[in-house]
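Student: I have a model open and want to learn how to read it. Can you take me through some features one by one?

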Amino acid sequence: MSQITKDLYASEIGDILENSLAGNRPSQEDCVRLLESDDVHLLGLVAGHLTRQKYGKKVSFVNNIILNYTNVCVTDCKFCAFYRPPEHEESYTISLEEIESRVKTAWEMFRITQVLIQGGHNPKLGIEYYEDAFRLIRKNFPEIGVHGLSASEIDMIARVEKSSTKEVLSRLKESGLQSVPGAGAEILVDSVKDVISPKKISSDQWIRIMEEAHSIGLPASATMMYGHVESNKDIAEHFVRIAKLQEKTGGFMAFIPWSFEPNNTLMQKEKTVAYSAGGFQLLKMIAISRMMYDGLIPHIQSSWLTNGIGMAQMALQYGADDFGGTLIGEEVVSCTGARSTELTAKKIIDAVKQMDYAVVERDNFYNTVQAH
Ligand code: SF4
């Protein structure tokens with residue numbers, strides 16, 4: 001009997017891990033048991049094995065920038081250190097000229113292949129602002145993919161326009177939007193949302209908007225922000241809700257578990273959360289993500305932004321196959337002081353090579369642009 005088989009037999013989650021190795025995804029109840037277990041290394045062995053079976057020792061990343069186009073927001077999420085109310089002296093909205101100039105500079109300096117566009121819920125911005133921005137980027141920089149606007153931003157635009165979210169999505173796709181990031185999901189359980197973001201769209205609305213996006217041919221990422229007031233049961237429900245939608249639409253390309261960063265947020269001031277979840281929990285979440293979505297959502301990202309490059313390297317052993325983006329210009333996590341570093345493609349390539357993995361640069365749709 002090999003050591004891994006002996007360890008599996010001895011573990012209280014051995015039955016779930018064996019099922020995973022046999023190609024059966026954990027149930028919602030299994031997921032809670034995995035979250036309650038401290039057998040993180042065994043979880044990593046299994047999730048890492050599932051990942052290498054699919055991708056070998058190869059990792060992708062995307063050369064991208066983030067345009068946090070406005071910090072004006074009326075949604076007041078308690079976990080957010082980035083937003084400012086309308087008329088606040090530190091509020092900003094970047095102009096189309098500024099968008100063009102930032103994308104042009106990033107193209108010339110880094111040959112980026114993706115712009116990630118996200119911002120606050122700014123009631124002064126009509127849909128034309130976004131349509132003009134997307135058209136401009138796609139026309140002037142056809143090699144750069146436009147990945148933008150969370151489900152809750154789509155909802156905000158629909159409210160400003162007094163239109164449906166599906167109509168908004170169709171118009172944005174028409175003007176150049178190519179895929180939708182998963183932000184705004186946090187934890188897809190309304191009792192959690194009522195505490196951390198009571199003014200934001202509900203879990204059902206997030207799922208509905210994502211389904212609408214998938215139905216008109218806009219693929220998306222799915223995310224989870226863990227490490228605040230949620231329980232393990234809530235996390236398991238989040239995993240399963242996304243799995244159910246994916247079984248229906250197949251529209252999610254990747255899953256990204258983010259840890260909540262409390263610095264400079266109302267939740268820290270109110271002493272709801274004192275510190276972030278940390279590296280041990282990250283590895284557990286990465287491994288469980290791989291097991292829950294094995295054969296369902298192809299890519300699991302390493303979440304280097306909040307946990308640093310060293311932890312992201314570890315995440316590659318625990319089930320991640322994608323390093324994420326270089327995220328140049330990111331401002332949201334930076335407001336919590338938790339951003340680990342300014343990354344360049346070279347730093348990601350070096351970090352992956354240190355792990356003795358092959359590294360490929362990908363585009364917005366996970367197609368290989370070049371091998372390094
Ligand atoms: S997370 Fe987004 S919606 Fe919530 S306050 Fe911050 S910018 Fe606004």
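Tutor: Start with how elements get their names. Helices and strands are DSSP runs, numbered from the N terminus. The model is predicted. Asn264 sits in the loop between strand E6 (252-259) and helix H12 (266-269).

Student: Is Asn264 buried, partly exposed or exposed?

Tutor: Count C-beta neighbours. A residue is buried at 20 or more within 10 Å, exposed at 12 or fewer, and partly exposed in between. Asn264 has 14 inside 10 Å, so it counts as partly exposed.

Student: Which value does phi take at Asp76?

Tutor: Phi of Asp76 is near 50°. That is a positive value, again in a residue other than glycine. Asp76 belongs to the loop between E2 and helix H5 (96-110). Asp76 is partly exposed, because 14 C-beta neighbours lie inside 10 Å.

Student: Now a helix residue. Where is Lys284 found?

Tutor: Lys284 is in helix H13, which covers residues 278-293.

Student: Is Lys284 buried or exposed?

Tutor: Apply the neighbour count again. Lys284 has 23 other C-beta atoms within 10 Å, so it is buried.

Student: Which residues does Lys284 touch?

Tutor: Leave out residues up to four places away in sequence, and Lys284 touches Val40 and Leu43. For a distance, take Thr265. Lys284 and Thr265 are 19 residues apart along the chain, and their C-alpha atoms are separated by 25 Å.

Student: Next, helix packing. At what angle do helix H2 and helix H4 pack?

Tutor: An angle under 35 degrees counts as roughly parallel. H2 (residues 14-21) and H4 (residues 40-55) pack at about 10°, with axes 10 Å apart. That angle is why H2 is roughly parallel to H4.

Student: Which residues meet where H2 packs on H4?

Tutor: From H2 come Leu17, Ser20 and Leu21. From H4 come Leu42, Val46, His49 and Leu50. By class, this contact has 5 nonpolar residues, 2 polar ones and no charged ones.

Student: How many bridges join E2 and strand E3?

Tutor: E2 pairs with E3 (residues 114-117) over 4 bridges, in the parallel sense. To find one in the viewer, go to Asn64. The bridge partner of Asn64 in E3 is Gln114.

Student: Now the whole protein. How many helices and strands are there?

Tutor: The protein has 15 helices and 10 strands. For overall shape, compare the radius of gyration with a globule rule. The radius is 20 Å, close to the 21 Å that the rule gives for 372 residues, so the protein is as compact as a globular protein of that length. Along the principal axes, the C-alpha atoms fill a box of roughly 65 × 45 × 40 Å.

Student: What percentage of the residues count as buried?

Tutor: 49% of the 372 residues.

Student: And what percentage of contacts join residues at least 24 apart?

Tutor: Take contacts between residues at least 6 apart in sequence. Of these, 77% join residues at least 24 apart.

Conventions: Residues numbered from 1 in each chain as written. Predicted model: local features only at pLDDT ≥ 70, side-chain atom pairs only at ≥ 80, totals over all residues. Helix = DSSP H or I, 4+ residues; strand = E, 2+ residues; numbered from the N terminus. Rg over C-alpha atoms; globule rule 2.2 N^0.38 Å. Contact = placed C-beta atoms within 7 Å. Axes fitted to C-alpha atoms, helices over the stretch in contact; angles between N-to-C directions. Parallel < 35°, antiparallel > 145°, perpendicular 65-115°, else oblique. Nonpolar A, V, L, I, M, F, W, Y, C, P; charged D, E, K, R; others polar. Pairing = 2+ DSSP bridges.
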